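Here are some worked exercises to go through with the model open beside you. Try each task before you read its solution.

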Amino acid sequence: MPDEEVLEEGVLNPVKPEIQDPLLKSLLKEEAAPVEKEQPQPLPDPTDEVDCVVIGTGAGGAPLLARLAMAGLKVVALEAGPWHNPSRDFATDEKAQEFLFWNDERLAAGQDPVAFGKNNSGTGVGGSTLHYTAYTPRAQDDDFHIRRDFGVGMDWPFGYDELEPYYEELEQFLGISGPENYPWGKPRRRPYPLAPLPLNGAAQLMARACQQLGIRTSPAANASLSARYYQEGVGWREACTNRGFCQAGCSTGAKASMDVTFLPLAVGHGADIRPNSFVTEIERDESGRITGVVYQQNGLPQRQKCRHLFLCAGAVETPRLLLLNELALNSGHVGKNFMAHTGLQVWGTFAEDVRPYKGIPGALISEDMHRPPQADFAGGYLLQSIGIMPVTFAGQVARERKLWGQPLRAYMRQYNHAAGIDMHGECLPHAENFLELAEEKDARGLPKPRIHFTNHENERRMMRHAEKLMRQIWTQAGAQDIWSFPRNAHLIGTARMGLSGDDAVVNADGKAFDVPNLYICDNSVFPSSLSVNPALTIMALSLRTADKFLEARRLVS
Amino acid sequence: MTYPEGTVHALLQTDLVTEATRTALQARLDAPAHYEPRFFDADTYQVLRAVAARLLPQPERARPIELAPVIDARLAEGRSDGWRYDVLPPDREAYRLGLGGINQAAQKQFQQDFRELNEAQQDAVVEQLAAGKAAGNNWMQLNQGRFFEELLAELTEAYYAHPLAQEEIGYVGMADVPGWTRIGLNELEPREPEEQP
């Protein structure tokens, strides 16, 4: 294959193929010669230095952006993707919604390559919260101490008590729907502000079978509104209509993505959010202090000077930017400790009409396996019921069952009778699991990230344990034709937080050890994966990072 | 089990579907019958069509849903779904090698190109490919299992994104303007089609 096409691969705007014919090439060249070439424009060099630039507007960037703006700071957020109008532009169609995903190609390596794109990435104002499922369980107390309790992995530099006030603040601010009495974890000081969302078919099947087997379940906590809710800086947000399309974009504003919660709040307090702004360079002075960033906005280079930089681009783009800019690399841990939750799913076919496209996909949860007795692994996992959209389901059936021809079509005709359960469990950091820059370049001319991932003994044992249990639950529920879909979900690690710059990239406040005015806040700073969905904890860290920054600033002044 | 024909088609004409949703689905229904490939050469494109016809056979349809244009257009425009198995070459090269490899496997097994085989012979070649046992030099450069997975997944997703295929499986999630209130087991809204024996 000709070389020039490597550069075109996997990009929205392919590079124009180079002309191969030597004669035509020389003719075109001669003709082009006398025309005056467009000179590259010098970068605008605005004198207006802002207090903070925030890169990324997802769960890591948006809450702190609002916090900093509310403290009166001059803040600019740079978002690689566009600003959408969900009520007008979001279709109830999986293919049409693919613009929500980070579609620059990533290379998946290792024994258990992790899928990116629609599984694990996002772009647009709001980041991947635009298509997160909005599962918002709190992490439990012992989640932060996996090394203390099991002698493996890494402890967080602080515990649950440190994040509890932020969890509480977020649940109230976002309008999280949840049960009156959640059976697991420390008792909460304030109840969830809204009642839980209704149980769909998959949730009812799981509830019934678990009750018979003596496994506790509960309606899940979810950041979609079960009743209309007043959102500061936004106005009334309407209740969820059970569209079941959370993972392909909420068009009603019922789901607490950042674009309908923290970002309007930030804008109301003067934050400047710039969409379609892809950061390429982080500039520094001789002392190593960051002075500003260079970004491409609608194809034009721009510069923004800043006193402080908050890098919140997610566990792939954050380390990629650091590696590209050779920034904060002293610990040797940038790109290392990549983790992805054990996320195996079990599917079955039921006599009942399930219609898996209705209701929030994961309406029911069980954390009974958070620390299962007599387990042969460290940590634990949670279980969730799952509904699913048809194209996603079909793709999984093809990849895992390898059905084709009439058997594939016959199986898919049972779609309305399909229901699933999945797990999210601890993943330990391993030296073999890491992100690096590949030689292959994308259309921006930047090296593609290559992510190595292999489940090790602890993850494999945990998945075996969970698979056995989930199959037992589905058998009890009356499922036929049960099958498993092994996967890993959520991208975690790659710029971890710790007590020492010898083995961590940022300190307990989210501040880089190496760079005086760099903060990092997203799932990349997690020292361990926790055995719950990460979004709520990322947001809690985001608010905490802003508070720590503001506290330090007050001390200096 | 089947669902009544025309369900999705009828729903698309109603206010139960948003304008954005209707636009996306109607475009697939209205896709022209003839598609001129922009990435593949004419022969390779016909191999892709022939393979698609075995992976998702549609003998009951007078005009089968065309799946090959989805892949050809994506490769021509250089679009990606955001990731690639590191063991595979870039998508364009993978598809060229893979479709060429399918022809090599057909030659090895039946001494003819894939397109010239009858359906049973074509299925025999696909079976070998699915089992990772297809013959041919191209497979020295291309991981057969991962290529087959990608090919099958892309065609399958293209098929079930089509309104007629969604109708076939009884999916009417696109008609969501009023929301869903009857979401429990065996609970149907009037606009959800019932299965026919």
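**Exercise 1. Is Gln111(B) buried or exposed, and what does its phi look like?**

*Solution.* Step one: Gln111(B) is exposed, with a relative accessible area of 56%. The cut-offs are under 20% relative accessible area for buried, over 50% for exposed and partly exposed in between, with a 1.4 Å probe and protein chains only. Helices here are DSSP runs of H or I with at least four residues, strands are E runs of at least two, and both are numbered from the N terminus. Step three: the phi of Gln111(B) is positive, about 60 degrees, although the residue is not a glycine. Most residues other than glycine have a negative phi.

Ground rules before going on: this is a predicted model, where local features need pLDDT of at least 70, side-chain atom pairs count only at pLDDT 80 or more, and totals for chains, interfaces and linings use all residues. Residues are numbered from 1 along each chain as its sequence is written, chains are lettered from A and ligands numbered from 1 in the order in which they are written, and side-chain values use heavy atoms, leaving out hydrogens and water.

**Exercise 2. Find where pLDDT stays under 50 in chain A.**

*Solution.* Start with the overall figure: chain A has a mean pLDDT of 93, and 92% of its residues reach 70 or more. pLDDT is the predictor's confidence in each residue, from 0 to 100. Now the stretch itself: residues 1-17 of chain A stay under 50, and the model has 44 contacts for them beyond four places in sequence. A contact means heavy atoms within 4.5 Å. Where pLDDT is low, the predicted coordinates should not be read in detail.

**Exercise 3. Work out how the axes of H7(A) and H12(A) cross, and which residues make the contact.**

*Solution.* First, the axes of helix H7 (residues 201-213) and helix H12 (residues 457-476) of chain A come within 8 Å and cross at roughly 100 degrees. That makes H7(A) roughly perpendicular to H12(A). Axes are lines fitted to C-alpha atoms, for helices over the stretch in contact, and angles run from 0 to 180 degrees between N-to-C directions. Angles of 65 to 115 degrees count as roughly perpendicular, under 35 as roughly parallel, over 145 as roughly antiparallel and the rest as oblique. Next, the residues: H7(A) brings Ala202(A), Leu205(A), Met206(A), Ala209(A), Cys210(A), Gln212(A) and Leu213(A), while H12(A) brings Gln472(A), Ile473(A), Trp474(A) and Gln476(A). Last, sort them by class: 8 are nonpolar, 3 polar and none charged. Nonpolar covers Ala, Val, Leu, Ile, Met, Phe, Trp, Tyr, Cys and Pro, charged covers Asp, Glu, Lys and Arg, and the others, Gly among them, are polar.

**Exercise 4. Check the span of H6(A), then find what its buried residues pack against.**

*Solution.* Helix H6 (residues 160-174) of chain A has 15 residues, which should span 21 Å at 1.5 Å a residue; its end C-alpha atoms are 20 Å apart, which agrees. The expected span is 1.5 Å times one less than the number of residues. Then burial: 11 of the 15 residues of H6(A) are buried, so the helix is largely enclosed by the rest of the structure. Among them are Tyr160(A), Leu163(A), Glu164(A) and Phe173(A). The packing partners of the buried residues are helix H3 (62-70), strand S5 (229-231), strand S6 (235-237), helix H8 (262-268) and H13 of chain A. Just past the end of H6(A), Gly175(A) has a positive phi of about 75 degrees.

**Exercise 5. Look up what Leu541(A) touches.**

*Solution.* Leu541(A) sits in helix H13 (residues 535-556) of chain A and is buried, at 1% relative accessible area. Leaving out residues up to four places away in sequence, Leu541(A) touches Trp156(A), Phe158(A), Leu163(A), Met497(A), Cys521(A), Val525(A) and Phe526(A). Leu163(A) is also one of the buried residues of H6(A). For a distance check, Leu541(A) and Asp509(A) are 9.0 Å apart, C-alpha to C-alpha, and 32 residues apart in sequence.

**Exercise 6. Where is Thr494(A), and is it buried or exposed?**

*Solution.* Look in the loop between strand S19 (488-492) and strand S20 (518-520) of chain A. Thr494(A) counts as buried, at 0% relative accessibility. Its phi is positive, near 80 degrees, in a residue other than glycine.
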